[in-house]
Amino acid sequence: MTDPSEPIATSPDARAIDAAPDGLGRYATRPLLARLWREYLRAHRKPMAAAVFFMVIEGSTLGLLSYLLRPLFDLVFVGGQADAVWWVGGIIFVLFVARAIALLAGRILLTRVAQRTSTAMQVDMLRHLLTLEIAFFQKNPPGALMERVQGDTVAVQKIWQSVITGAGRDAVALISLMAVALIISPLWTAAALIGLPLLFLPVALTQRYIRRKTGQVRAEAGLRSTRLDEVFHGIMPIKLNRMEAYQLGRFERIVNRIVNMEVRSETGRAAIPAMIDLVSGIGFFAVIMVGANDIASGQRTVGEFMSFFTAMALAFQPVRRLGAIAGMWQTAAASLERIYRLLDTAPHIAPSGGAARPATEKPPEIRLEGVHLAYGSLPVLRDVNFVAEAGRTTALVGPSGAGKSTVFNVITRLVEPQAGRVTLDGLDVSEIDTESLRALFSVVTQDAALFDETIRENVLLGRADSNAERLDSALEAAHVKPFLDQLPLGLDTPAGPRGSSLSGGQRQRIAIARALMRDAPVLLLDEATSALDAESERLVQEALDRLSRGRTTLVIAHRLATVRRADRIIVMDEGTVAEIGTHDELLARNGLYARLCRLQFDGED
Ligand code: ADP
């Protein structure tokens, strides 16, 4: 968690956006709501206006109802005009029918708009998240991001929906009831409102409190989702290490904190209508005192008093609900702030740097010049210089943690070096539009990442242009065929979450088939055959050799067989390039490579 007073993260080390539970002052409530209106609600202003119209009908019926009590009492009950009972009763019935229709129409319109805007918000958030660099996702756990995309948008939507309902129905009910009250007696109305000024300061303070507490609840909800995500993804190590009780305890602590904060924020939200109750009590008391006096002195009729008193009683609920909205605004603002803080996080790596370069058929030469990269104070690459020749195979060798995978990430621009440059045929990768850049690579890594889709979709990855013949030959070459035939659904077998229903070797072969289908001019392999048994390794190795022919290939190699075949070997150590040469040259030098060979490759080949 970062310090709440910190500005939105701008360095690669400070990209955690969760935190800052009380972002008071940073995103003031009113501009937040104005932005919500501008970006999401304004487009729906017509159906919203229609919904408000229906709610106005619904609301104004209450005013009319209270007004009709006057003729009911004065003409029918006191005056004894029996025929008046028909039209008064008839109008009251029609009012209720109008109310029912208006309620239904208003609710349908509002729900439609509410669903559309909240899903638009979710899509926008995901679209934005997809532009952010890998470092961002290493700081912000998936659970917390999911909570933001799903939880916060829904929280906001629920609230503005009740705000509109409240504004439409309750505000109009209140206005119409106030009008009735004023028509009957301005003096009584003034008496009813006597306690109002007492509300201002306590309500403002309570609002701040609600905002702070809800912000904390939302942040904790993010932690809760993160815990669940970690538990479900790590279910095997949790069971094997008997961490069930430990994980459960951590989860319970978070939910207990949520309970505490929720109760406090709800207390804040309830405090506003409660304060209104107190002030209304004062008002009722004042009205009875003044009213009783006026009736006793014969200045006013009982019907007038009953009409006024009913108007006041009917106004009571709308006033309370409008008061509750003042608290709910703050709840919405807390979630809105989290949404906008995410949407305002600018990507560090510009999604499209410059000129879009069409994917070339010709394999490019890859050159790293003086590349420096550090995570915080930890240098990972230090003055890395090397050339991977066009169409040749270059092996990256070195102890684990030497920075080999980071070299891949720099080349594909998943991370950006702090100094130096990476060029493809002399063109800086930061000047190539990201999409065309990534189209140049086929990447096969150790942890072949599969999606929870069918094997076919995992190989094709959404490509529509591939024909069955090509797919077939890729599956054949990657040696996927033999195990495919044993699966009941063949190509249409689901791979399971993260490919978990397949073995490591099967996942790798699918990843290789995927690379074959991509047919990109640069091949990046992270010892792609490590999870294979000896027999399939030989077959896959053949396929890879065929694949790398005529392509610029960089391979993070762990096996002597792979290294030997390479045209050039880059030996890395602690973020620097220690040696460069062919297998024989490097052995002759008797340096780090020769030592690694003796240690690592002993007994192989
Ligand atoms: P190799 O592939 O040679 O085993 P890597 O390139 O994966 O090495 O990692 C090099 C170093 O960079 C390691 O010390 C690793 O801890 C560090 N590192 C990699 N990614 C990150 C990251 N996102 N944040 C902090 N350190 C990282």
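Reader: Where does Arg38 lie?
Author: Arg38 is part of helix α1 (residues 29–41); a helix here is a DSSP run of H or I with at least four residues, numbered from the N terminus. The model is predicted, so local features need pLDDT of at least 70, side-chain atom pairs count only at pLDDT 80 or more, and totals for chains, interfaces and linings use all residues. Residues are numbered from 1 along each chain as its sequence is written, and side-chain values use heavy atoms, leaving out hydrogens and water.

Reader: Why is Arg38 called partly exposed?
Author: Buried means under 20% relative accessible area, exposed means over 50%, and partly exposed lies in between (1.4 Å probe, protein chains only). Arg38 has 45% relative accessibility, so the residue counts as partly exposed.

Reader: What makes Trp188 and Phe305 an aromatic pair that is edge-to-face?
Author: Rings of Phe, Tyr and Trp (its six-membered ring) pair if their centres lie within 6.5 Å; planes under 30 degrees apart count as stacked, over 60 as edge-to-face and the rest as tilted. By this rule there are seven aromatic pairs. For Trp188 and Phe305 the values are 5.5 Å centre to centre and 80° between the planes, which is edge-to-face. Trp188 lies in helix α6 (residues 186–192) and Phe305 in helix α10 (residues 302–343), so the pair ties together parts 117 residues apart in sequence.

How values were computed. Helices (H or I, at least four residues) and strands (E, at least two) are DSSP runs, numbered from the N terminus.
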